[in-house]
Amino acid sequence: MRAAVIDLGTNTFHLIIADISDANVQIIYKTNVPVRLGQGRINENIIIPEAFERGVETLKIFKQQIDKYKARQTLAVATSAVRSATNGKDFVDAVRKNASINIQVIDGDKEAEYIYNGVKATGIINGTSLIMDIGGGSTEFIICDNNKLLWKKAIT
């Protein structure tokens with residue numbers, strides 16, 4: 001199955017399109033755009049109009065790539081900037097209307113789980129480990145081993 005995943009971070013939006021089977025994942029397209037959604041007044045929990053527009057325009061371009069590569073499923077996940085912004089729901093609605101992408105806004109715990117699963121999929125966890133994801137709007141700390149996530153904490 002061909003699927004697309006979009007990570008809407010505070011600073012950068014990432015798009016990966018891949019063919020997924022039980023045996024493996026083959027990435028066929030990958031890009032990232034420094035949208036800087038958190039620019040301006042993010043400490044006041046507001047996505048400023050310029051950043052809001054950059055975000056929507058970037059996701060319209062991502063949607064063109066998703067359609068070009070004929071991805072059958074799309075998962076778009078928004079993290080700190082969108083979840084903490086008072087106009088985050090407006091951003092999600094604007095993206096749905098203008099780019100036909102449905103965004104899931106996730107909390108810090110879910111973000112930490114996704115980070116763990118992503119790192120685990122690389123095969124680099126060897127014994128008890130600490131993973132830190134230092135983002136533009138939040139930081140996640142994850143203690144894990146090869147088999148499971150043991151503890152997680154998200155700080156905004």
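Isoleucine 103 is in contact with Leu8, Leu59, Ala76, Ala78, Phe91, Val92 and Val95, its neighbours within four places in sequence being left aside; contact means heavy atoms within 4.5 Å. The model is a predicted one, in which local features need pLDDT of at least 70 and side-chain atom pairs count only at pLDDT 80 or more, while totals for chains, interfaces and linings use all residues. Residues are numbered from 1 along each chain as its sequence is written, and side-chain values use heavy atoms, with hydrogens and water left out.

Ile103 is also among the residues with the most contacts inside the largest nonpolar core, together with Ile6, Leu8, Leu37, Leu59 and Phe91. This core has 30 residues. A nonpolar core is a set of buried Ala, Val, Leu, Ile, Met, Phe, Trp, Tyr and Cys residues joined through side-chain atoms within 4.5 Å. Buried means under 20% relative accessible area, exposed over 50%, and partly exposed in between (1.4 Å probe, protein chains only).

Two or more residues of this core come from each of strand E1 (2–8), strand E2 (13–20), helix H1 (49–68), strand E4 (73–78), helix H2 (80–84) and helix H3 (88–99). H1 gives the most, with six residues. Helices (H or I, at least four residues) and strands (E, at least two) are DSSP runs, numbered from the N terminus. Another core, of seven residues, lies apart from the largest one and includes Tyr116, Ile125, Ile131 and Cys144.

## Helices H1 and H3

The axes of H1 and H3 come within 10 Å and cross at roughly 35°. Axes are lines fitted to C-alpha atoms, for helices over the stretch in contact, and angles run from 0 to 180 degrees between N-to-C directions. On the H1 side the contact is made by Phe52, Gly55, Val56, Leu59, Lys60 and Lys63, and on the H3 side by Asp90, Phe91, Ala94, Val95, Asn98 and Ala99.

## Two loop residues

Isoleucine 47 lies in the loop between strand E3 (25–33) and H1. Because its relative accessible area is 2%, isoleucine 47 counts as buried. Leaving aside neighbours within four places in sequence, isoleucine 47 is in contact with Leu37, Phe52, Ala81, Val82, Ala85, Asn87, Gly88 and Phe91. Its C-alpha atom is separated by 9.4 Å from that of serine 84, 37 residues apart along the chain.

Glycine 123 lies in the loop between helix H4 (108–122) and E6. Glycine 123 counts as exposed because its relative accessibility is 58%. Glycine 123 and glutamine 39 are 84 residues apart in sequence and 34 Å apart in space, C-alpha to C-alpha.

## The three-stranded sheet

An open sheet of three strands has the order E6-E7-E8, with antiparallel pairing. Its edge strands are E6 and E8, each of which pairs on one side only. Two strands pair if DSSP finds at least two bridges between them.

Strand E6 (residues 129–134) and strand E7 (residues 139–144) are paired over six bridges and form a hairpin with four residues between them. Within this pair, methionine 132 stands opposite phenylalanine 141 in E7, and the bridge partner of isoleucine 134 is threonine 139. E7 is in turn joined by six bridges to strand E8 (residues 149–155), and a hairpin connects E7 to E8 through four residues. Here isoleucine 143 stands opposite tryptophan 151 in E8.
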